[in-house]
Structures are given as structure tokens and as C-alpha cells.
Amino acid sequence: MKRTITVTGTASATAVPDLVTLTLGVETRRDTAAKAYDDAGKAAGAVAASLREAGVTDVDLRTSGLNLRAELVWVEGQGQKVTAYVASTTLQVGIRSHADAPEAIAAAVAAGGDDIRINGIEQGFADATSVTAQAQEAAWLDALARAQQYASLASARLGQVKSIAQEPVHGVPIPLGGMVRASFSAESLPVEAGESSVTASVTVEWELL
């Protein structure tokens, strides 16, 4: 039976991101369920309209959540009582230009008023093919270098590749945290591109000669 060596190589590639993904929430608290639901719909519609006016296309707007619940408190001697009804929805927004992001975010906040929530922002790639290929090539070279080193330590050399297993590719987003309720202008919250990275990992098995 021939000896083999199995090595995992890992590497990252970085590039300037070209896609801003914004997670917006709309939350209304009203005296009746119907009013909360209706007002949430109006606020969400206004936010979506403002984003379209800022250049966001329909394909980059997606509703991802909808919730309607009663807000309850415990009253001594009376049990649970409904104090309000809360309706909420979530909108995922793709902005394909960093230059447009501050204006689009500010427009959404202005349209949503006190009912809007900013739940997060991530930066990545509309098409990660190129940067992923760079990461995968670097991961292969890392695995090859490791295998050659171990083969040398074992007084052997590498033969044919027996198997290759690619691990899932991971991107590294850049989050801006939490929940924001205060209004702001486009100038007060710039969106800096920086760099985003993609990490690739590959496991390779070689024969040892």
C-alpha cells in the first residue's frame, strides 16, 4: 500500500467591495392590530419608494420578514393586559455603488421617520468570482508548500494527487452594528469601502514517493 499525505491549505484574497447590503426594519406600535399593520405597510412602502428614487432597482429590494404581535404587561389582580400592538417587517436592500449608499440610507430614514430601524450593513461583492479564484489559487499553493515540506521531512517526495476536497468559501463582511433610531443626513454617515476578503480552503491528498 502506497504512502500518502493529506494537507489542508487556506488563504484569503482581498478586494474593494462593490456591493452594500443594508438590512432595514419598520416597526409600528399602535392601539389596534389593524392600525399597527396598516401603518407598518405605509411606512415600508414609503421606505421602498425612497430607495427606488435613490436608484435601487426592484431586483435589489426584498421583504424578508413580517410580524404582528400584542405587547402585554402583567397587572396585579387583572392578569395580562394588552398595552399595544406591534407590527414589523424587514427589508433587504442591495446598493451597487458606495457613492450612492449614504444618500440612499438617508432617504430611507427620512421616509420611515420614527418607525424605521437600521439593523445592519454589510459590504461584499456583486460577483465574487475573481476574488474567489485568487483565494482558491493561493489556498492550493499553501497546501502544496505544506505538503512539500512534510514530504521532505519524511525523506520522500510528492507523487500524483489522489484527491481534492474544497471547503466552502467564506466572505468576510464589514458590519456596522445594532439598531439605530435617530435620523441623520447623508453627510453625517459616510459608507467607507475599505476592503473585504474571501477565504478559501482546500484539502489535497498526494502519493508519497
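I started with Trp 140, which is partly exposed at a relative accessible area of 30%. I am working from a predicted model here.

Next I looked up aromatic pairs, and the structure holds 1. The rings of Trp 140 and Trp 206 have their centres 5.8 Å apart, and with their planes at 50° the pair is tilted. I then checked where the two partners sit: Trp 140 is in helix α3 (residues 129-153) and Trp 206 in strand β8 (residues 196-208), so the pair ties together parts 66 residues apart in sequence. Trp 206 is buried, with a relative accessible area of 3%.

On to strand β4, which covers residues 79-95. I picked Thr 89 from this strand. Is Thr 89 buried or exposed? I found a relative accessibility of 14%, and because buried means under 20%, Thr 89 counts as buried. Its side chain reaches the backbone oxygen of Gly 65 at 2.6 Å. I also listed the contacts of Thr 89 beyond four places in sequence: Leu 24, Gly 25, Val 26, Ala 44, Thr 63, Gly 65 and Leu 66.

My last stop was Leu 91, also found in strand β4. Leu 91 is buried too, with a relative accessible area of 12%. Which residues does Leu 91 touch, not counting those up to four places away in sequence? I noted Leu 22, Thr 23, Leu 24, Val 47, Leu 51, Leu 61, Arg 62 and Thr 63.

Terms used
Residues numbered from 1 in each chain as written. Predicted model: local features only at pLDDT ≥ 70, side-chain atom pairs only at ≥ 80, totals over all residues. Heavy atoms only, no water. Helix = DSSP H or I, 4+ residues; strand = E, 2+ residues; numbered from the N terminus. Buried < 20%, exposed > 50% of the residue type's maximum accessible area, 1.4 Å probe, protein only. Polar contact = N/O pair within 3.5 Å; in protein donor to acceptor, adjacent residues only side chain to side chain. Contact = heavy atoms within 4.5 Å. Phe/Tyr/Trp six-rings, centres within 6.5 Å; stacked < 30°, edge-to-face > 60°.
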